[in-house]
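Visitor: I have a model open on my screen and would like to learn how to read it. Could you walk me through its features?

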Amino acid sequence: MATVGQQQQGEGAAKPALRKPVFTKVDQLKPGTSGHTLTVKVVSSETVLQKGRAASASLRQTRIAECLVGDETGTIVFTARNDQVDLMKPGMTVILRNAKIDMFKNHMRLAVDKWGRVEVSEPATFTVKEDNNLSLVEYELVNVVEE
């Protein structure tokens with residue numbers, strides 16, 4: 001008699017069970033890490049780059065905004081691109097799925113690429129801790145030589 005695990009392997013169409021997301025807090029973010037799922041509030045949003053013409057369909061418009069986002073443990077700068085910019089309005093609560101840490105001038109930035117998702121969620125109950133901005137911490141690249 002086949003066990004449940006063997007039955008699933010035998011059926012090619014069986015989907016793997018989706019894992020429950022593990023929510024990360026802002027103060028747990030480290031340089032060079034990815035796959036984070038966070039619930040954050042948008043503190044501020046500032047458009048830093050707007051290229052391309054909206055009138056021309058062949059030229060894709062590129063928009064980049066730097067948004068200060070955070071939770072009850074701290075804040076970090078989130079780099080929003082194109083459609084993400086519209087979702088990142090101050091006061092909004094968003095869930096960042098599969099977010100990664102990019103380094104920009106030795107400072108951490110949070111980003112969601114094409115493998116992740118930005119979703120608007122219910123307004124969060126927490127108060128953003130604005131005096132702990134992880135993007136203000138400067139990191140230095142150190143080469144470790146193993147002997």
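Guide: Gladly, and let us begin with one residue. At 38% relative accessibility, aspartate 27 counts as partly exposed, a label for values between buried (under 20% relative accessible area) and exposed (over 50%), with a 1.4 Å probe and protein chains only. Before going further, note that this is a predicted model, where local features need pLDDT of at least 70, side-chain atom pairs count only at pLDDT 80 or more, and totals for chains, interfaces and linings use all residues. Residues are numbered from 1 along each chain as its sequence is written, and side-chain values use heavy atoms, with hydrogens and water left out.

Visitor: Where does aspartate 27 lie, and which residues does it touch?

Guide: Aspartate 27 sits in the loop between α1 (4-10) and β1 (34-51). A contact means heavy atoms within 4.5 Å. Leaving aside residues up to four places away in sequence, aspartate 27 touches Thr73, Asn132 and Leu134. The C-alpha atoms of aspartate 27 and asparagine 132 are separated by 8.2 Å, although the two residues are 105 apart along the chain.

Visitor: How do I read the chain as a whole, and how many helices and strands does it have?

Guide: Helices (H or I, at least four residues) and strands (E, at least two) are DSSP runs, numbered from the N terminus. The protein chain has two helices and six strands, in the order α-β-β-β-α-β-β-β from the N terminus on. Of its 147 residues, 31% count as buried. Among contacts in the protein chain with a separation of 6 or more, 60% are between residues 24 or more positions apart.

Visitor: Which strands pair with β4?

Guide: Two strands pair if DSSP finds at least two bridges between them. β4 (residues 93-104) pairs with β1 in the antiparallel sense over six bridges, and valine 40 has valine 94 in β4 as its bridge partner. With β6 (residues 117-120), β4 pairs in the antiparallel sense over four bridges; here isoleucine 95 has glutamate 119 as its partner. β4 and β5 (107-111) are also antiparallel, over five bridges, and methionine 103 stands opposite methionine 108 in β5.

Visitor: What do β4 and β5 form, and what is the phi of lysine 105 in the turn?

Guide: They form a hairpin with two residues between them, and lysine 105 in the turn has a positive phi of about 50 degrees. Lysine 105 is exposed, with a relative accessible area of 68%. Asparagine 98 also has a positive phi, about 55 degrees, although it is not a glycine. Asparagine 98 is found in strand β4 and, at 34% relative accessibility, is partly exposed.

Visitor: Which residues touch the most other members of the largest nonpolar core?

Guide: A nonpolar core is a set of buried Ala, Val, Leu, Ile, Met, Phe, Trp, Tyr and Cys residues joined through side-chain atoms within 4.5 Å. The largest one has 22 residues, of which Ile76, Phe78, Met88, Leu96 and Leu110 touch the most other members. β1, β2 (62-71), β3 (74-81), β4 and β5 each supply at least two residues of this core, and the largest share, four residues, comes from β4. Not counting residues up to four places away in sequence, the contacts of phenylalanine 78 include Ala65, Met88, Leu96, Leu110 and Val118.
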